[in-house]
Amino acid sequence: MKTNNRKHTIKKLAGFLGGLAILPVLAACGPETTTTTTQTSPAPEATPTITPAPGETPADQTTPTTPTTGATDSIVNVAAGDPSFSTLNELIATAGLTDTLEGEGPYTVFAPTNEAFAGLSESTRQELLQPENRETLRRILQYHVVPGEVTSDQLQSGEVATAEGNPVNVQVDAAANEVRVNDATVTQPDIQASNGVIHGIDSVILPPNLNL
């Protein structure tokens, strides 16, 4: 009886060990498991923030520079943009000198202000606007124009040739800080234009031997 029991126990143990032996084989024959690797994109680098120093303008907020008017506009345009020279600008157009004073130049213009032209009688001003007196008007205006650019610090006492042909007499009084052209006084010096310079004067100067 004991012998039979021992045989039975040995048989069960052998069956159990046999089952363990085939487990690796079954595992190897099972379906393959695919491992998926997910690539994670690196986080974008943070853009550094630059805080400007007090009073400093950030580079992307730079205020554009506005060009100076006198640096880009001709004598005619500068005079047209200044209300004190509106009468002069009108007479330049009437005399047909606009193209000349918009040209390359350079020119120095002793420019009478509106108040200077108001010093002429009303009848004289009206006569100068008449077509038959256009040549006289041209002579008067050309007498206020000096070829070349001469700023106030370059003016010297003496006669200066004009576009009209007759010279003007310039008197420089450094002590009084005053410049006179014939009987007119420079009141607005060094108004810069792209083709020369304007010096505003307080009266109209007339070429010699001109009858109005």
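**Reading the strands and helices**

Me: Which residue in β6 stands opposite V181?

Reply: V181 stands opposite A184 in β6; strands here are DSSP runs of E with at least two residues, helices are runs of H or I with at least four, and both are numbered from the N terminus. This is a predicted model, in which local features need pLDDT of at least 70 and side-chain atom pairs count only at pLDDT 80 or more, whereas totals for chains, interfaces and linings use all residues. Residues are numbered from 1 along each chain as its sequence is written, and side-chain values use heavy atoms, with hydrogens and water left out.

Me: How many bridges join β5 to β6, and which residue of their hairpin takes a positive phi?

Reply: Strands of a sheet pair through backbone hydrogen bonds, either parallel or antiparallel. Two strands count as paired if DSSP finds at least two bridges between them. Here β5 and β6 (residues 184-193) run antiparallel and are joined by two bridges, and in their hairpin, with two residues between the strands, N182 has a positive phi near 55 degrees.

Me: What joins β5 to β4?

Reply: Four bridges link β4 (residues 168-173) with β5, the two running antiparallel, and D173 has E178 of β5 as its bridge partner. This hairpin has four residues between its strands, and N177 in the turn shows a positive phi of about 55 degrees.

Me: Which residues of β5 lie on its covered face, and which on the uncovered one?

Reply: Across residues 178-181, V179 and V181 form the covered face of β5, while E178 and R180 form the uncovered one. For the chain, buried residues (under 20% relative accessible area with a 1.4 Å probe and protein chains only; exposed is over 50%, partly exposed in between) make up 28% of the 212 residues.

Me: In what order do the strands of the sheet lie?

Reply: The open sheet has seven strands in the order β2-β1-β7-β6-β5-β4-β3, with mixed pairing; its edge strands, β2 (145-147) and β3 (158-160), each pair on one side only.

Me: Which residues of α4 meet α8?

Reply: Contact means heavy atoms within 4.5 Å. L88, L91, I92, T94 and A95 in α4 (residues 86-95) meet R134, L137, R138 and L141 in α8 (residues 134-142). By the classes used (Ala, Val, Leu, Ile, Met, Phe, Trp, Tyr, Cys and Pro nonpolar; Asp, Glu, Lys and Arg charged; the others, Gly among them, polar), these residues divide into six nonpolar, one polar and two charged.

Technical notes: Axes fitted to C-alpha atoms, helices over the stretch in contact; angles between N-to-C directions.
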